Structures are given as structure tokens and as C-alpha cells.
Amino acid sequence: MTIYTSINTKKQISKLFQLYESGQVNETTARNLNKILELEVNQLQIDFVATEKDLSVFEHQYNKTTANFFRQWQAGEIDDHMDYVEWASLAQMADNLRKRLEFLTSENQK
């Protein structure tokens, strides 16, 4: 995403929020916003499942859970072997995806 697109998107979301705050969002817009959120959640779920599948390959190859590996990685107990760098990156990606999914699907959002 380019900087212009990002700024433009932020402006558009801000405008929609202002309409919402003033009670002027119509039903069609509300449905479309919900659909956009559903699409984002679906894509995150697809990406999360694919990342978890990639992580399981490393877990089987090295006979270690990702959680145990990552604790050792962060503690500096594991070297910078290319597989380990990739595994650590995938672990961080999975964590990021999980957090985004939790945020978007949480019932307690404001």
C-alpha cells in the first residue's frame, strides 16, 4: 500500500466515523462495513492457517514446539541458522495474525 493510499484510506474511514457518530450512516453502508470486516477476518484466518501449517513443518523437522523454540530463540540459546530465522519470523507472523484476529472478532470492542 502506498503512502497516498494509506492516507486516503484513513481520511475515508474518518469520514465514515464522523457520519456514524452523528447517526447518519444508512443501513446499506453499515452492511457494507460489516462485510468488509468479515472479508478481513476471513483473509486473516486463511493466512493464520497457512502460517500454522508452515510452523508445523519446522516443529516436526526439529521435534520441538514453536513456543519452546521461540523462547530459546529470544533467549539467544539458538544460533542464526537460516531455518531458525525463518521459523522465528513465522512465529512472529502467527502471533501478529492471532492478535489481529482477536482484536477484530472480540465482542468487547468499543
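What covers the buried residues of H4? The cover includes H2 and H3, where contact means heavy atoms within 4.5 Å. This is a predicted model, so local features need pLDDT of at least 70 and side-chain atom pairs count only at pLDDT 80 or more, while totals for chains, interfaces and linings use all residues. Residues are numbered from 1 along each chain as its sequence is written, and side-chain values use heavy atoms, with hydrogens and water left out.

**Helix H4**

- H4 has 24 residues and spans 34 Å from first to last C-alpha, close to the 34 Å expected at 1.5 Å a residue; the expected span is 1.5 Å times one less than the number of residues.
- Helices here are DSSP runs (H or I, at least four residues), numbered from the N terminus.
- Among the buried residues of H4 are Asp-83, Tyr-84, Trp-87, Ala-88 and Ala-91; buried means under 20% relative accessible area, exposed over 50%, and partly exposed in between (1.4 Å probe, protein chains only).

**The nonpolar core**

- Of the 16 residues in the largest nonpolar core, Phe-48, Leu-55, Phe-69, Phe-70, Tyr-84, Trp-87 and Leu-101 touch the most other members.
- H2, H3 and H4 each supply at least two residues of this core, and the largest share, eight residues, comes from H4.
- Such a core is a set of buried Ala, Val, Leu, Ile, Met, Phe, Trp, Tyr and Cys residues joined through side-chain atoms within 4.5 Å.
- Leaving aside neighbours within four places in sequence, Phe-70 is in contact with Ala-88, Ala-91 and Gln-92.

**The second largest pocket**

- The second largest pocket has a volume of about 190 Å³, taken as the space filled by probe spheres set on grid points joined across faces, edges and corners.
- Of its 13 lining residues, Leu-55, Thr-66, Ala-67, Ala-91 and Arg-98 are the closest to its centre.
- A pocket is an open set of points on a 1 Å grid over the protein atoms alone, where a 1.4 Å probe fits, with protein on both sides within 12 Å along at least five of seven lines; lining residues have an atom within 4 Å of a point.
- Helices H2 (27-62), H3 (66-74) and H4 (82-105) each give two or more residues to the lining, and H3 gives the largest share, five residues.

**Two residues to look at**

- Asn-63, in the loop between H2 and H3, has a positive phi of about 50 degrees although it is not a glycine, and counts as exposed at 73% relative accessibility.
- Ser-14 sits in helix H1 (residues 3-21) and is partly exposed, with a relative accessible area of 33%.
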